[in-house]
Amino acid sequence: MRNIAAIAQRELRSYFASPIAYVLIGFFALLFGYFFYALLSFFERQSMQMGMAGGQTMNVNQMLEGPLLMNATVILLFVFPLITMRTYSEEKRSGTIELLLTSPLTDLQIILGKFIGAMLLYAAMLGVTLIHMAMLFAYGTPEWKPIATGYLGLLMMGGCFISVGLLISSLTKNQIVAAMVTFAVFLMLWVINWIGSFVGPTTQAVLQHLSITEHFDDFAKGIVDTKHLVYYASFMAFGLFLTMKSVDSERWRG
């Protein structure tokens, strides 16, 4: 565990030693804040109209928190390629990958360390957005469980994206190529359920199950289903397994 923690600390330090972490956190916070303001304004207008129509109330979780977290998943498509593009490609370009692979570390320790380092940066990004959730509790009465499960879903989805990003970064020396290919794969995982609407019911069911966004819907509604947890955990494990195979082949080539 000490070796994994050392690699994770090294990765996290490299993010904050450059403007990457600050730019990504700022970019994510800015877009999240914009979505929060836009949805809050819409919620306020709708509440006033419903109140004037007959005193009906609106559910803040369904009308604001759920759509807000769904919109946050869109931002991830653009943020995660920038987080993972340098994890291995920069090591290859600078030649430090050879030092890393010849150190007394196993491939699994290296991969888990880099994965945890990227996840910690992502957790910091999500932590900044908690100020918006605090505002909801300060001025309203939202349910905390859908918010908690929504953030759990964001963490699980982020882990899947990071595992894919690590794999792609391990296959090239060019950070730009890694970022572009990672974004393309993320986009495919995002729209795969849309493709399912143009095929037969069996294929549609398969594609919807593979869709990374379909499994997030229940989290945003406050539902924690075992099948979604198994999907995300299996996705992460498979991505990290393929990354380990890629790194192992790099070790043998070296």
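Reader: Why are H3 and H7 called roughly parallel to each other?

Author: Welcome! Please keep in mind that this is a predicted model. The axes of helix H3 (residues 60-84) and H7 cross at roughly 15 degrees. Angles under 35 degrees count as roughly parallel, and H3 and H7 are therefore described in that way.

Reader: How do you know that H3 and H7 are in contact, and which residues meet?

Author: Contact means heavy atoms within 4.5 Å. On the H3 side, Asn61, Glu65, Leu69, Thr73, Leu76, Leu77, Phe80 and Thr84 take part. Their partners in H7 include Pro146, Ile147, Gly150, Tyr151 and Leu154. By class, this contact has twelve nonpolar, seven polar and one charged residues. The crossing of H3 and H7 is right-handed.

Reader: What makes H6 and H7 roughly antiparallel to each other?

Author: Here the angle decides again. The axes of helix H6 (residues 107-139) and helix H7 (residues 144-169) come within 10 Å and cross at roughly 150 degrees. Angles over 145 degrees count as roughly antiparallel, so H6 and H7 get that description. Their crossing is right-handed.

Reader: Which residues make the contact of H6 with H7?

Author: From H6 come, among them, Ile111, Lys114, Phe115 and Ala118. From H7 come residues including Trp144, Ile147, Tyr151 and Leu154. By class, the contact of H6 with H7 divides into 16 nonpolar, four polar and one charged.

Reader: How do H3 and H6 run, roughly parallel or roughly antiparallel to each other?

Author: H3 and H6 pack at an angle of about 155 degrees, and their axes are 12 Å apart. With the limit for roughly antiparallel set at over 145 degrees, H3 and H6 are therefore roughly antiparallel. H3 passes H6 in a right-handed crossing.

Reader: What kinds of residues make up the contact of H3 with H6?

Author: Val60, Leu64, Leu68, Leu76, Val79, Phe80 and Ile83 of H3 meet Ala118, Leu121, Tyr122, Met125, Met133 and Leu136 of H6. Ala, Val, Leu, Ile, Met, Phe and Tyr are among the residues that count as nonpolar, and the contact has 13 nonpolar, no polar and no charged residues.

Reader: How do you know which residues line the largest pocket?

Author: Lining residues have an atom within 4 Å of a point of the pocket. The lining consists of Phe36, Leu40, Phe43, Val60, Leu64, Met135, Leu136, Tyr139, Gly140, Thr141 and Pro142. Helix H2 (20-54), H3 and H6 each supply at least two residues of it. The space in this pocket is about 250 Å³.

Reader: How many residues of the lining of the largest pocket are nonpolar, polar or charged?

Author: The lining divides into nine nonpolar, two polar and no charged residues.

Notes. Residues numbered from 1 in each chain as written. Predicted model: local features only at pLDDT ≥ 70, side-chain atom pairs only at ≥ 80, totals over all residues. Heavy atoms only, no water. Axes fitted to C-alpha atoms, helices over the stretch in contact; angles between N-to-C directions. Helix = DSSP H or I, 4+ residues; strand = E, 2+ residues; numbered from the N terminus. Parallel < 35°, antiparallel > 145°, perpendicular 65-115°, else oblique. Left-handed = near helix turned anticlockwise from the far one by under 90°. 1 Å grid on protein atoms, 1.4 Å probe; cavity = no way out; pocket = protein on both sides within 12 Å on 5 of 7 lines; lining within 4 Å. Points joined across faces, edges and corners; volume = space filled by probe spheres on them.
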